[in-house]
Amino acid sequence: MDRIFNIDSGNGSIFTSKTLDRETLLWHNITVIASEINNPKESSRVPVYIKVLDVNDNAPEFAMFYETFVCENAKAEQTLSAIDKDDSFGGHKFSFSLAPEVAGSSNFTIQDNRDNTAGIFTRKTRYNRHEMSMYLLPVVISDNDYPIQSSTETVTIRVCACDHRGKMLSCNAEALIHPTGLSTGALIAILLCIIILL
């Protein structure tokens with residue numbers, strides 16, 4: 001087993017030989033044996049309990065995978081939230097923004113609600129799923145601790161055909177269904193198996 005801690009035999013100072021990570025192991029329990037230099041039989045054991053304190057070394061990330069849809073002729077709204085593995089003594093304070101490379105040209109906007117959530121809204125009033133069936137929206141999440149950590153997460157937005165109430169009817173990403181109930185991919189796989197067997 002690799003040693004995580006070492007001790008100075010002269011003054012008893014304990015120091016680390018490897019980097020510690022609170023998210024991996026919060027407590028370390030070691031035993032220190034002290035003995036007299038001239039009489040090694042005279043010794044004692046002392047348990048030492050070491051608690052690893054947290055530093056802000058993890059970037060926030062989405063609380064879940066976000067995939068939403070927008071109707072071709074309607075507006076969309078999606079609420080986002082984030083999590084962070086680090087402890088925050090005053091509570092987490094996340095901020096959300098569009099990645100700089102798409103901030104000015106995106107078909108969507110993001111509104112930071114200042115309550116650790118954000119909303120995604122459409123900029124256009126109409127989308128065409130035959131021109132663009134899916135958008136990948138990069139969102140930057142920052143944690144506002146020290147040192148500030150941030151990550152870029154992606155929201156998938158599909159353009160779908162909807163009824164007049166905004167209920168999704170179909171999207172381009174769905175599998176094409178044959179009248180027999182099988183998808184196109186399944187039919188191709190069956191045909192390939194038959195050809196191989198012949």
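A disulfide (a pair of cysteine sulfur atoms within 2.5 Å) joins Cys160 to Cys171, with an S to S distance of 1.7 Å. The torsion about the S-S bond of Cys160 and Cys171 is about 85°, so this disulfide is right-handed. The pair links distant parts of the chain, with Cys160 in strand β12 and Cys171 in strand β13 (residues 168-171), eleven residues apart. Helices (H or I, at least four residues) and strands (E, at least two) are DSSP runs, numbered from the N terminus. Both Cys160 and Cys171 are buried, where buried means under 20% relative accessible area, exposed over 50%, and partly exposed in between (1.4 Å probe, protein chains only).

The structure is a predicted model, in which local features need pLDDT of at least 70 and side-chain atom pairs count only at pLDDT 80 or more, whereas totals for chains, interfaces and linings use all residues. Residues are numbered from 1 along each chain as its sequence is written, and side-chain values use heavy atoms, with hydrogens and water left out.

A search of the whole structure finds two disulfides. The other bond joins Cys71 to Cys162, with the sulfur atoms 2.0 Å apart. Its torsion about the S-S bond is about -90°, so the disulfide of Cys71 and Cys162 is left-handed. Distant parts of the chain are again linked: Cys71 lies in strand β6 (residues 67-71) and Cys162 in strand β12, 91 residues apart. Cys71 is buried, with a relative accessible area of 5%, and Cys162 is buried at 16%. With bonded cysteines counted along the chain, the disulfides follow the pattern 1-3, 2-4.

The largest nonpolar core has 23 residues; such a core is a set of buried Ala, Val, Leu, Ile, Met, Phe, Trp, Tyr and Cys residues joined through side-chain atoms within 4.5 Å. Residues with the most contacts inside this core include Leu80, Phe96, Phe108 and Leu137. Strands β7 (77-83), β8 (95-98), β9 (108-112), β10 (117-122), β11 (134-142) and β12 (150-162) each supply at least two residues of the core, and β11 gives the most, with five residues. Leaving aside neighbours within four places in sequence, Leu137 is in contact (heavy atoms within 4.5 Å) with Leu98, Ser106, Phe108, Ile120, Glu153, Thr154, Val155 and Ile157.

Four strands form an open sheet in the order β5-β7-β10-β9, with antiparallel pairing; two strands pair if DSSP finds at least two bridges between them. The edge strands, β5 (61-62) and β9, each pair on one side only. Strands β9 and β10 pair in the antiparallel sense over five bridges, and Phe108 stands opposite Thr122 in β10.
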